Amino acid sequence: MKILVVSLLRLGDIIQQEPLLRGLREKHPTAEIHLLMNRQFANVERILHGVVDKYIHFDRETLQRGLGESGFNILYSYSLLEELVQSLNGERYDLAYNFTHNKLSAYLLGALEIPEKRGLHQQDGRFRGMDNRWIKYFNDRFSGTQKSLFHYVELLGSSFDLPVRPQAAGVRKKSKSILFQCLTSQTAKNWGLDNFVQLKRTIEMALVDYKVQILGAPFERETLLAAFSERDLLICDLSEARKHLQDCALLVTGDTSIKHLAAQMGVPLVELVLGTSDAVKTGAFSENARILTEDITVERVFGEVWDELSGESKNIENTAGSLERATWKLYLDKASRDSEPAYVAALKQLLDSHPEKNLVQALAGYQEKTQIYLAWQKRIIAALPSREVLASRKAVSASDVAELILVAQDIIKSKKDEAGYFQGFVESLLARYSQATQILDRVQADLEDQAELLAIRETLTRHLQSLSMEGAYYAKGIGQLSISGFEETGKSLQRDLEDAKL
């Protein structure tokens, strides 16, 4: 089998996709895997070992110049694309994956003669490939500033049914080297050189046997020399940076390609999330990462450095957030509206990740939000305009959807829909429609999704309450039945009668 992967993204994105490529290799161990990527990031080939058999370069910069500069023939870019398409078709691929998920990659994939295509692609004048709930969620949550409950790698892995997992914590290194990556691609994401200087001084005073050095690309040298001495700097390319990371005990970094490289290598790191960075969507995909999003002071960063070097365990994941993730995963894993969610697996994962008492404590707030969501849903249904009224309109007027707008405003102002149960509903009021009745169809479709999500939410709550009661019975000496005593039956969990005998 021959597989083409399209990844026309930035350097950090390609590095971040390594778990996806490894998952693809795991799923198709004997396949020949080719990666199409932008030519300017060809240096990534040196660090993606054992996952790609052939790299193909997309000359995006030359194509753009050919379209915008007067010195090029008007058909120059077209001829380049035609040559690329013919070359790719000559490879006779059996399967293609689009890891890029934008219009350019969709049109390019649509022009290729490949029997099976996964991910966004153009076909017969329409965009295809949005054929499961995970990839629809990915499209909705990564198209703008919307929040996501899942990491970029998790979403694409689930969308394409590829086995992916965060880099596991490895054996602690005896190295006494600490590295800083101070500069990012955007000024708003930078913590500030003054803060890094102070952190370096604090580390070297408190941990006298450790040496702190600064990673940087050649074009960053002059900027870094304004704060650090020449002997502090490690100016290097990507492959050299990889060697330095292999030998260090810890990396402190912002949202950079070096962060993703360190994460995939299993290097312990402290990530500083600032500006437009998103810790959930694109944070370090590693169990070795300590990610700071608020109150990023020198004292706090040093505390995380100290804890990591001394082997202190990280804080357990937010339990309320885990409940939301479990709810949405149950929904997204369903192949269709009629299929049954896998509650047993969800409960087992929650119990493996959190003490039962933490789950019980978080359940009260979880139930409270459920009642808020049900009340919003009821208000939306009551505010729906009739189809007959909308059918008589040439366009939707504000008065037709005034009550719906008021509900949407209340949802936004409340800031209680962090998980996005009503995101589709709010966005439906901002869209344009060629027919007035289309807004009704869109809102009703969103209501169906909400109803399904809220039903899962309520069922998951009942099962967690049941486990809590079981613990209470055990405390009274009545006995305890483990999670293995459950089985999937009908629309809910039922006790296995043989296991349930006292």
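Student: How do the axes of helix H3 (residues 60–68) and helix H4 (residues 76–90) lie, and what is their crossing angle?

Tutor: In this predicted model, the two axes come within 8 Å and cross at roughly 150 degrees.

Student: Why are H3 and H4 called roughly antiparallel to each other?

Tutor: Set the angle against the cut-off. The crossing is at roughly 150 degrees, and angles over 145 count as roughly antiparallel. H3 and H4 are therefore given that name.

Student: Which residues of H3 and H4 meet?

Tutor: From H3 there are Thr62, Leu63, Gly66 and Leu67, and they meet Tyr76, Ser77, Leu80 and Leu81 of H4. Sorted by kind, the residues of this contact are 5 nonpolar, 3 polar and no charged.

Student: Let's turn to helix H16. How do you know that its span agrees with its 28 residues?

Tutor: The expected span is 1.5 Å times one less than the number of residues. For H16 (residues 356–383) that should come to 40 Å, and the end C-alpha atoms are 40 Å apart, so the two agree.

Student: Where does H16 bend, and by how much?

Tutor: The bend is at leucine 363 and is about 30 degrees. Leu363 is also one of the buried residues of H16, which include Leu359, Tyr366 and Trp376.

Student: What does isoleucine 296 touch, not counting residues up to four places away in sequence?

Tutor: Isoleucine 296 touches Trp191, Leu272, Val273, Leu274 and Val301. Asparagine 195 is 101 residues from isoleucine 296 along the chain, and their C-alpha atoms are separated by 9.9 Å.

Student: What about lysine 415: where is it found, and what is its phi?

Tutor: Lysine 415 is in the loop between helix H18 (402–414) and helix H19 (423–428). Its phi is positive, about 55 degrees, although lysine 415 is not a glycine. With 69% relative accessibility against a cut-off of over 50%, lysine 415 counts as exposed.

Student: Finally, why is histidine 49 called partly exposed?

Tutor: The name covers values between the two cut-offs, under 20% for buried and over 50% for exposed. At 44%, histidine 49 falls between them, so it counts as partly exposed. Histidine 49 lies in the loop between strand S2 (32–38) and strand S3 (54–58). Leaving aside neighbours within four places in sequence, histidine 49 is in contact with Arg22 and Arg242.

Conventions. Residues numbered from 1 in each chain as written. Predicted model: local features only at pLDDT ≥ 70, side-chain atom pairs only at ≥ 80, totals over all residues. Heavy atoms only, no water. Helix = DSSP H or I, 4+ residues; strand = E, 2+ residues; numbered from the N terminus. Bend = angle between axes of the 7 residues up to and from the residue. Buried < 20%, exposed > 50% of the residue type's maximum accessible area, 1.4 Å probe, protein only. Axes fitted to C-alpha atoms, helices over the stretch in contact; angles between N-to-C directions. Parallel < 35°, antiparallel > 145°, perpendicular 65-115°, else oblique. Contact = heavy atoms within 4.5 Å. Nonpolar A, V, L, I, M, F, W, Y, C, P; charged D, E, K, R; others polar.
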